[in-house]
Amino acid sequence: MPRSLRFFLLAFALACPAPAVAQDRAQALFETAKAKVVKIGVVLNATRSQASVGSGFLVSDDGLVVTNFHVISGYLHRPEQFTIEYTRHDGSRGPLRLINVDVVHDLALLRMDGSGLPHFELLGRTMVKGERGFSIGNPHDLGLTIVEGTYNGTITESLYEHIHFTGAINPGMSGGPALAREGAVFGVNVARLVNAQLVSFLVPAKFVAALVADARDESATPQALLERARHQLVEAQDQYLGRLLDAALPQTGFGPYRVADRLGPFMRCWGRAEDEPKRPYLVSQQNCSSEASIFVFEDVRTGSIDFEHVLVQSRGLGWLRFYKLYESRFGYAGGLPGGEEDFTEFRCTTDFVRHDELNLRTVLCVRAYKRLTGLYDFWLRAASLDAYDRGLQTTLVLTGASWENGTRFARRYLETVGKAP
């Protein structure tokens with residue numbers, strides 16, 4: 001090798017030591033952290049088989065363990081069928097007792113027997129955007145793993161506060177800790193964005209601190225904890241819907257009509273059109289979604305707002321053919337997850353109303369949560385009846401709202417629909 005090339009490679013290595021430093025930091029953190037992280041399993045008592053698996057971590061020397069609510073939710077809803085257990089890095093195992101929940105921020109607090117246990121401290125400083133972080137957990141039940149990533153700040157444009165973390169958080173890592181360089185916890189693994197590369201989310205550590213501080217009654221039964229979760233959900237929807245109802249909902253033009261616009265920075269909106277040249281009608285569509293939601297049980301999430309506007313315009317259809325097309329697209333409530341164990345059936349009311357010189361056909365469908373009394377899902381659809389060759393259909397889906405807030409919001413939403421000025 002020429003002397004000049006050797007000199008260049010040596011200079012490059014000396015100038016770029018970061019990968020080795022990062023590797024050393026990950027190794028050091030893993031060695032000190034592995035005794036403080038546990039695998040958490042929800043076990044079906046009848047067969048002793050594992051129903052769900054996640055991660056958790058110790059936050060006190062007397063056995064307080066933090067994980068995600070969604071990891072242990074099966075136990076909370078059916079405590080007679082399941083047991084929660086931990087497995088430590090050395091293979092030791094034992095039972096865990098659920099003592100507190102924060103369903104809004106997807107956190108749960110458990111206790112294991114022991115004293116003088118190694119545990120994490122929560123980070124006492126503010127992370128800087130671009131700072132490296134290290135997530136630890138049990139991905140796909142493959143064993144304890146550490147993942148390096150980047151702290152990208154708090155997502156403020158959301159109904160529920162999360163940290164954006166560029167790192168590979170996979171199923172099974174839920175509930176594990178995210179560590180700053182000094183080994184303190186700044187977040188809790190909670191989710192990743194599906195169909196995206198390394199876009200993951202963490203629960204800020206401040207909510208862990210609040211959960212631990214609120215663990216006053218460790219003798220609370222699963223039924224009492226479920227009632228606590230219900231109260232948290234009622235309070236959360238009252239806060240965010242109350243803020244929205246305190247002001248007029250924003251409006252925008254949509255073809256010859258006026259409709260509800262993006263409600264705030266927490267919503268994302270997309271538009272598309274069905275415009276095939278040979279098709280005798282044109283469909284223009286806009287969808288808006290709050291995206292964030294709260295896990296409550298199994299495949300059911302709540303606390304979301306979604307709405308859709310669809311403009312159907314004839315291009316040569318007669319009035320009868322257009323009416324049949326328009327009617328076929330109207331439909332009724334459906335598609336929301338959840339079975340009869342969790343919800344009542346949707347009950348629907350149809351009506352014809354006139355607002356802002358526009359005749360509307362409306363359907364409002366509501367179902368109640370059986371386990372979380374006082375919460376409802378609302379499905380509202382309205383269709384304009386002002387022309388024979390065009391029409392607007394708008395749909396609102398509001399999940400996990402009180403009866404008062406849900407009906408008020410549905411009425412306020414309907415009042416945004418009218419003719420464009």
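The lining of the second largest pocket has 10 nonpolar, four polar and five charged residues. Here Ala, Val, Leu, Ile, Met, Phe, Trp, Tyr, Cys and Pro count as nonpolar, Asp, Glu, Lys and Arg as charged, and the others, Gly among them, as polar. The model is predicted: local features need pLDDT of at least 70, side-chain atom pairs count only at pLDDT 80 or more, and totals for chains, interfaces and linings use all residues. Residues are numbered from 1 along each chain as its sequence is written, and side-chain values use heavy atoms, without hydrogens and water.

**Pockets**

A pocket is an open set of points on a 1 Å grid over the protein atoms alone, where a 1.4 Å probe fits, with protein on both sides within 12 Å along at least five of seven lines; lining residues have an atom within 4 Å of a point. A volume is the space filled by probe spheres set on the points. The second largest pocket holds about 360 Å³. Nearest its centre are T349, L364, V366, W403 and T407, out of 19 lining residues.

The largest pocket holds about 970 Å³. It has 34 lining residues, and V190, A191, R192, F201 and R301 lie nearest its centre. Its lining divides into 17 nonpolar, 11 polar and six charged residues.

**Disulfides**

There are two disulfides, each a pair of cysteine sulfur atoms within 2.5 Å. Their pattern is 1-2, 3-4, with bonded cysteines counted along the chain.

| Disulfide | S to S | About the S-S bond |
|---|---|---|
| C269 to C288 | 2.1 Å | 110°, right-handed |
| C348 to C365 | 2.0 Å | 110°, right-handed |

C348 lies in strand 21 and C365 in strand 22, so the link ties together parts 17 residues apart in sequence. Strands (E, at least two residues) are DSSP runs, numbered from the N terminus. C348 is partly exposed, at 41% relative accessible area. C365 is buried, at 0%. Buried means under 20% relative accessible area, exposed over 50%, and partly exposed in between (1.4 Å probe, protein chains only). C269 is partly exposed at 30%, whereas C288 is buried at 3%.

**Strand 20**

Strand 20 spans residues 305-314. Seven of its 10 residues are buried, so the strand is largely enclosed by the rest of the structure. Nine bridges join it to strand 17 (residues 281-289), and the two run antiparallel. Two strands pair if DSSP finds at least two bridges between them. Q286 has H309 of strand 20 as its bridge partner. Strand 20 also pairs with strand 24 (residues 390-401), antiparallel, over nine bridges. There, F307 stands opposite L396.

Definitions and conventions
Helix = DSSP H or I, 4+ residues; strand = E, 2+ residues; numbered from the N terminus.
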